[in-house]
Amino acid sequence: MEDNGTHHPISSFFLVGIPGLQDFHCWIGIPVFLLFALTLLGNSIIIATVKLEPSLHQPMYFFLCMLAVNDMALSSSTAPKMLGTFWFNDHRIGFNICLTQMYFIHTLCIIESALLLAMAFDRYVAICIPLHYTTILTTSKIIKMGLVGVSRAILMVLPCPLLIKRLPYYTNYIINHVYCEHMAVVKLANANTLINRAYGISVALSVMILDLGLIATSYIKILQAVFRLSSQNARSKALGTCAAHVCTILVSYTPALFSFLTHRIGKKVPPSVHILFASLYLLVPPTVNPLVYGIKTKQIRDQVVGLFFPNKKISEH
């Protein structure tokens with residue numbers, strides 16, 4: 001494919017999968033398939049439930065539907081190629097297709113972060129200034145918040161593939177990963193990649209610091225408001241409405257932070273461990289989110305039970 005003498009640009013990459021665990025690829029593909037199937041099923045149920053039940057037509061559940069759509073898109077951008085690599089030894093991926101996958105993965109991850117921030121803001125308004133909830137979070141404002149989150153992600157990630165396109169790729173085409181991750185692709189260039197590395201890390205840090213900072217601020221305000229309540233029952237109820245969102249934040253950000261740190265400062269972490277965590281970051285949260293909201297949120301739990309078991313009496317408590 002490449003000629004070292006004439007330095008022809010490469011036309012495709014070779015995705016290794018998980019280095020050191022190639023003999024187990026067939027078995028690793030089974031949980032990947034199950035996570036992908038559960039993601040599509042669980043998030044589809046959440047969307048259908050919210051759509052069919054008028055009582056769930058509230059800002060909190062609109063944001064949840066946006067998260068469900070984003071989760072399905074994120075999982076669909078990675079899982080099919082992973083399964084092709086694990087089960088059918090389809091390791092090749094075209095240069096432009098690789099950049100497209102990379103772009104969608106990182107864009108959807110930033111949208112996910114923006115949605116978690118929007119959901120934190122929703123809980124802040126609902127608990128701290130409940131009398132203004134319906135006037136602050138109108139349908140038009142929810143749409144605008146969604147569009148701002150999507151626009152931010154599109155514009156922030158767009159320079160990444162454009163900066164890669166200007167780099168020469170001649171001899172290195174083997175990506176030690178299961179998908180086209182930005183830094184994994186940048187490392188293969190036959191040129192100075194300082195600009196690419198600097199831009200990539202600045203985007204990742206700015207998104208995490210800004211979004212996590214604002215989410216933390218929201219929850220500090222929420223806790224202050226909750227502990228000012230005199231009734232223990234009221235405190236429990238207020239905190240209960242945040243439980244699902246807090247679980248989602250932990251599930252989403254913990255593997256993301258681990259992956260980010262090991263990629264840049266964890267030199268002694270085996271590549272297989274890093275790649276497994278990077279894969280879990282993209283596959284587990286989209287699967288877990290609908291389960292968390294289905295179990296922790298009574299309104300959704302009751303409606304899902306009613307959807308599948310129409311004759312079953314919905315619990316009152």
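Q: Why is Gln22 called partly exposed?
A: Gln22 has a relative accessible area of 38%. Buried means under 20% and exposed means over 50%, with partly exposed in between (1.4 Å probe, protein chains only). Gln22, at 38%, is therefore partly exposed. The model is predicted: local features require pLDDT of at least 70 and side-chain atom pairs pLDDT 80 or more, while totals for chains, interfaces and linings use all residues. Residues are numbered from 1 along each chain as its sequence is written, and side-chain values use heavy atoms, without hydrogens and water.

Q: Where does Gln22 lie, and what separates its C-alpha atom from that of Thr85?
A: Gln22 belongs to the loop between E1 and helix H1 (25-52). Helices (H or I, at least four residues) and strands (E, at least two) are DSSP runs, numbered from the N terminus. Gln22 and Thr85 are 63 residues apart along the chain, and their C-alpha atoms are separated by 9.9 Å.

Q: Is Asn89 buried or exposed, and how do you know?
A: Asn89 has a relative accessible area of 58%, so the term for this residue is exposed. Its place is the loop between H2 and E2.

Q: What makes the phi of Asn89 worth noting?
A: Most residues other than glycine have a negative phi. Asn89 is not a glycine, yet its phi is positive, at about 55°.

Q: Why does Ser272 count as buried?
A: The relative accessibility of Ser272 is 18%, and therefore it counts as buried. This residue lies in helix H10 (residues 271-296). Apart from residues up to four places away in sequence, Ser272 touches Ile18, Pro19 and Leu21; contact means heavy atoms within 4.5 Å.

Q: How do you know whether Asn196 is buried or exposed?
A: Asn196 has a relative accessible area of 1%, so this residue is buried. Asn196 is part of helix H8 (residues 194-227). When neighbours within four places in sequence are set aside, its contacts are Leu163, Ile164, Arg166, Leu167, His182 and Val186.

Q: What makes E1 and E2 a pair of strands?
A: Two strands pair if DSSP finds at least two bridges between them. E1 and E2 are joined by 3 bridges and run antiparallel.

Q: Why are 4 residues of the second largest cavity's lining called nonpolar?
A: Ala, Val, Leu, Ile, Met, Phe, Trp, Tyr, Cys and Pro count as nonpolar, Asp, Glu, Lys and Arg as charged, and the others, Gly among them, as polar. By class, this lining divides into 4 nonpolar, 2 polar and 2 charged residues.

Q: What lines the largest pocket, and how is its lining divided by class?
A: The largest pocket is lined by 18 residues; nearest its centre lie Arg123, Lys237, Gly240, Thr241 and Gln299. Two or more lining residues come from each of helix H2 (59-88), helix H3 (95-128), helix H9 (232-264) and helix H11 (298-308). H9 gives the largest share, 5 residues. The classes are 9 nonpolar, 5 polar and 4 charged residues.

Q: How does a pocket differ from a cavity?
A: On a 1 Å grid over the protein atoms alone, a cavity is a set of points where a 1.4 Å probe fits but cannot get out, whereas a pocket is an open set with protein on both sides within 12 Å along at least five of seven lines; lining residues have an atom within 4 Å of a point. The space in the largest pocket is about 560 Å³.

Definitions and conventions: Grid points are joined across faces, edges and corners, and a volume is the space filled by probe spheres set on the points.
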